[in-house]
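Here is a structure to read step by step. Keep the sequence and the 3D view side by side as you go.

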Amino acid sequence: MAAISFDVKRTGITVSLPAVMQSATGGRREVAVCSGTVEQALNGLIEAFPDLLPRLLTEQKQIHRFVNVYLDDEDVRFLQGLDTPVLPGQQLTILSAIAGG
Amino acid sequence: MITENIERSISEPPGSVLTSAELQRYARRVGTLGVVDDDVVEVSNLQRQVSHGQSTLQMAKVDSARQRMADLNPYHQVVDGSDSFTTRYLVNDACFLLHRPYVWGSVFQFHGQASVFCTPAGPCYRRLYPEPPPPQFAPSCEEGGVFGAVCATVASVVHDVVEVRSTRSVPADSHSPVRTISATELAGRLARRRAGEDDAPGKSPPPIHRDGDRRLLQGRHPVRGCGPGSFAGQLRGQPPQGRRARLGERRRTPAPWLLRRRPSAGSRIKPEIEEGVA
C-alpha cells in the first residue's frame with residue numbers, strides 16, 4: 001500500500017477504477033498513485049495491486065482494447081497514449097466494457 | 001435485459017379514435033401504431049381528428065395519418081440493451097452500415113454505461129471497445145449480479161436519448177459522451193469519446209470482420225448464451241440445466257433477493273452483497 005502513503009494533492013493523482021476491477025483492489029474504487037505519465041501511473045497501480053495487471057495490460061504492455069483510460073474526461077489514446085503526461089491533481093478514470101444488459 | 005416497451009395498437013373504427021393522445025404516443029416513440037380506416041379526410045373531420053389537415057383533404061385517412069406521423073417522427077430507433085457482446089457488435093455493425101443511430105446501455109452490479117453511437121459524425125461501438133473482454137473480466141448479470149434500480153436508471157437514460165433524438169433535431173456533429181451511472185456513489189461521469197478518422201462521412205468503415213468477429217466472439221464466450229442449459233440451448237432441444245431447471249424451486253424461495261450472484265468457474269468477482277433482503 002506504499003502507493004497511497006503520500007500527499008495526493010501535492011504529488012499524486014487519483015485513479016478511479018471500474019466495478020469489474022474492484023475485486024482486484026480489495027473493493028477500492030479509487031487509488032492514489034504518483035504522477036508522471038499514464039504508464040507510470042498504471043505501473044504504480046499494478047505494483048500496489050498485482051491482480052490488476054492482466055485486466056489492464058496485454059502481454060505487450062499495451063492497454064487492453066476493451067479497457068479505456070481517461071485523463072480527466074479525455075481518452076488517452078487520443079492524447080499520447082501511455083506516454084501522456086499526468087500532472088498532480090489530475091484524475092485518471094478507467095472504464096471497462098461490461099457485459100450485462 | 002433492458003427492454004424497450006413495444007406497444008401495438010390498432011385504431012378501429014375510424015374518425016376521432018386516432019386522437020391527439022395516440023399521436024403523442026407515436027411522437028414519443030412508444031412503438032408501432034396500426035390504423036384501420038376506409039374513410040377519406042373531409043373538412044368536417046379537422047376540428048377533432050388532429051392527424052389530418054387541409055393539405056390532406058380527400059386523401060385516404062390511413063395515408064394522411066401515416067404522413068402526419070412520419071412528419072412528427074420519421075425515426076426508427078435502434079435501442080440495444082443486450083447482455084451479449086456478440087449481439088452488441090452485430091447490432092452496432094448493422095447500424096453503422098445502415099447509417100442509423102445506435103442507442104446502447106449496459107449494466108453490471110451497481111453500475112451502468114450508456115451512450116449513442118453511429119451518429120453522422122460520431123464513433124461506433126467498436127471505437128469505444130474494439131474487442132470484447134474475456135468472460136472472466138466481464139461477468140454476466142447472472143454471474144456478477146445486477147441491482148434492479150440500476151437497470152431502470154440506465155433504461156431511463158437510454159429513453160432520454162431516444163426521445164431527444166426522435167423529437168428534436170440533433171446537430172450532425174454532436175458527440176454524446178459515454179455516461180456512467182453508479183448507484184453506490186450517486187454520481188455518474190461523462191467520458192468523452194472521439195470519432196476516428198475512419199468514422200467521418202464518406203470514409204471507409206471501421207474494421208468489421210464479419211466471420212472473423214464471429215469466430216473471435218465464439219472463442220471468447222464459448223458457453224455463455226448458447227451452451228447446454230442456456231435459453232438458446234433449449235431452443236436447440238438441449239435439456240434445461242442449472243438456473244432454468246431450478247426455476248420452480250427458486251419461485252418457492254420465501255425471501256426476496258436484492259442481489260443474486262451465482263458462482264461460476266470463470267468468474268473472479270466477489271459479491272459485495274451476498275443475500276440482501278429487500
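B:His52 is buried, because its relative accessible area is 11% and buried means under 20% (exposed is over 50%, partly exposed in between, with a 1.4 Å probe and protein chains only). B:His52 sits in the loop between β2 (31–35) and α2 (61–72) of chain B. Helices (H or I, at least four residues) and strands (E, at least two) are DSSP runs, numbered from the N terminus.

This is a predicted model: local features need pLDDT of at least 70, side-chain atom pairs count only at pLDDT 80 or more, and totals for chains, interfaces and linings use all residues. Residues are numbered from 1 along each chain as its sequence is written, chains are lettered from A and ligands numbered from 1 in the order in which they are written, and side-chain values use heavy atoms, with hydrogens and water left out.

What surrounds B:His52? Leaving aside neighbours within four places in sequence, B:His52 is in contact (heavy atoms within 4.5 Å) with B:Val41, B:Leu46, B:Lys61, B:Ser64 and B:Ala65. With B:Ser64 there is also a polar contact, side chain to side chain, at 2.7 Å. A polar contact is a pair of N or O atoms within 3.5 Å; within protein, one must be able to donate a hydrogen and the other to accept it, and residues adjacent in sequence count only if both atoms are side-chain atoms.

Now turn to B:Gly112. It lies in strand β5 (residues 111–117) of chain B. B:Gly112 counts as buried because its relative accessibility is 3%. Residues up to four places away in sequence are not counted here; beyond them, B:Gly112 touches several residues, including B:Val150, B:Val154 and, in chain A, A:Ile98.

That last residue leads to the interface. In total, 26 residues of chain A are in contact with 42 residues of chain B. In chain A, A:Ile98, A:Ala99 and A:Gly101 lose the most area to chain B, together 22% of what that side buries. The two chains bury about 2,900 Å² between them, 58% of it on carbon and sulfur atoms. Buried area is the accessible area (1.4 Å probe) that two parts lose on being put together, summed over both.

How many residue pairs are in polar contact between chain A and chain B? The count is eight, with both residues at pLDDT 80 or more. The elements that give two or more residues to chain A's side are α3 (53–56), β4 (67–71), β5 (74–75) and β7 (91–96) of chain A. Of these, β7(A) gives the most, with four residues.
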